[in-house]
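Subject: Structure for you to look at

Hi,

Here is the structure I promised to pass on. Have a look at it first, then read on for what turned up.

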Amino acid sequence: MQEILEQIATELPLLYGQGKVADYIPELAKIAPDQFAMTIHTIDGHEYSIGDANERFSIQSISKVIVLVMAINILEEKLWERVGREPSGTPFNSLIQLENEMGRPRNPFINAGALVTTDAIIASCKDAYQEILNFVRTNTLCDDISYDENVARSEYQHSERNTALTYFMKSFGNIKSDPLTLLDIYFHHCSLAMSTKELSRLFLFLANGGVNPLTGERILTPLQTKRVNSLMMTCGLYDNVGDFAYRVGLPAKSGVGGGIVAVLPGEFVVTSWSPELNQSGNSLVGTRALELFTQHTGYSIF
Ligand code: DON
């Protein structure tokens, strides 16, 4: 596995400069673009990494998986009255479908959908900031993972799109909490700073039928786990999901910080990170690295 990772790293350098670091969040625009890391963590406890695998970066939309899992535990099947399960085919912050679909977002992995799942958490938790942090810290066994206040503030200051989405959904009755509190918590979970090693550990339960093998704790039932992985397969890469499935063949979730978490159920979690993005907001080098990984190893769900 280690040799394969080293081989992959030699095949990537030509791609640097072809993508673009996210610049609509000013704090993210400051990042050095030519960084790369990749970690594979198997459910039986083996971990292999290459590159800056201890370097923490902004997980951004990868946090949408965290809040979905927490919201499923709170609302169970009722969640789907408020959010759909179809790929959107539109950019992650698009407003277009929301009006036609009466304020019910297409899926939990576009911004509107994650605002709804975050809203569900706020309604049932005394301290949503802390509960989200607890979830991440407990499942990685890493107590110093935290929000990046600079990134959260930067996003709050440039939040026109997400603010519009929130108020629009509230007009349909699909947001219950105070919009500014909701946006603040949403921006905070997007700002979580984690490395590829930490992200690979966090999502091990998705490769292990819902049980975190590091703690022995059940996070989801096997059925719920299958469903979250299915949603990642169909909706995890926004309007790029078909191309990603064609090239990589694993359920995955990306973020505009350049991270991508992918899962092979029953086997492992593989996480890549490189800040330059393609036009859909997914890591260009990170996608290629995962594509090479499934090509070289033959591992995929298909
Ligand atoms: O709300 C936003 O726009 C960002 N915090 C998250 C967007 C994101 O990561 C989309 N991912 N590819």
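Which residues line the second largest cavity? They are Tyr-24, Gln-60, Ser-61, Lys-64, Phe-92, Asn-111, Glu-155, Asn-162, Tyr-186, Cys-190 and Val-256.

Before you go further: this is a predicted model, where local features need pLDDT of at least 70 and side-chain atom pairs count only at pLDDT 80 or more, while totals for chains, interfaces and linings use all residues. Residues are numbered from 1 along each chain as its sequence is written, and side-chain values use heavy atoms, leaving out hydrogens and water.

Back to the holes. A cavity here is a set of points on a 1 Å grid over the protein atoms alone where a 1.4 Å probe fits but cannot get out, and lining residues have an atom within 4 Å of a point. The volume is the space filled by probe spheres set on the points, with points joined across faces, edges and corners. The whole structure has two cavities of 30 Å³ or more. Among the residues lining the largest one are Thr-90, Glu-101, Arg-104 and Ile-110.

Next, the core. A nonpolar core is a set of buried Ala, Val, Leu, Ile, Met, Phe, Trp, Tyr and Cys residues joined through side-chain atoms within 4.5 Å; buried means under 20% relative accessible area (1.4 Å probe, protein chains only). The largest core has 62 residues, and Ile-66, Leu-192, Leu-199, Phe-203 and Leu-206 have the most contacts inside it. Its largest share, eight residues, comes from helix α3 (residues 63–75); helices are DSSP runs of H or I with at least four residues, strands are runs of E with at least two, and both are numbered from the N terminus. There is also a second, separate core of 25 residues, including Ile-40 and Val-285.

Finally, have a look at strand β8 (residues 259–264), where six of six residues are buried. Gly-259, Val-261 and Val-263 point one way, and Ile-260, Ala-262 and Leu-264 the other. Strands count as paired if DSSP finds at least two bridges between them. β8 runs antiparallel to β7 (residues 252–254), with three bridges, and antiparallel to β9 (residues 268–273), with six. In the β8–β9 hairpin, three residues lie between the strands, and Gly-266 in the turn has a positive phi of about 85°.

Cheers

Terms used: 1 Å grid on protein atoms, 1.4 Å probe; cavity = no way out; pocket = protein on both sides within 12 Å on 5 of 7 lines; lining within 4 Å. Buried < 20%, exposed > 50% of the residue type's maximum accessible area, 1.4 Å probe, protein only.
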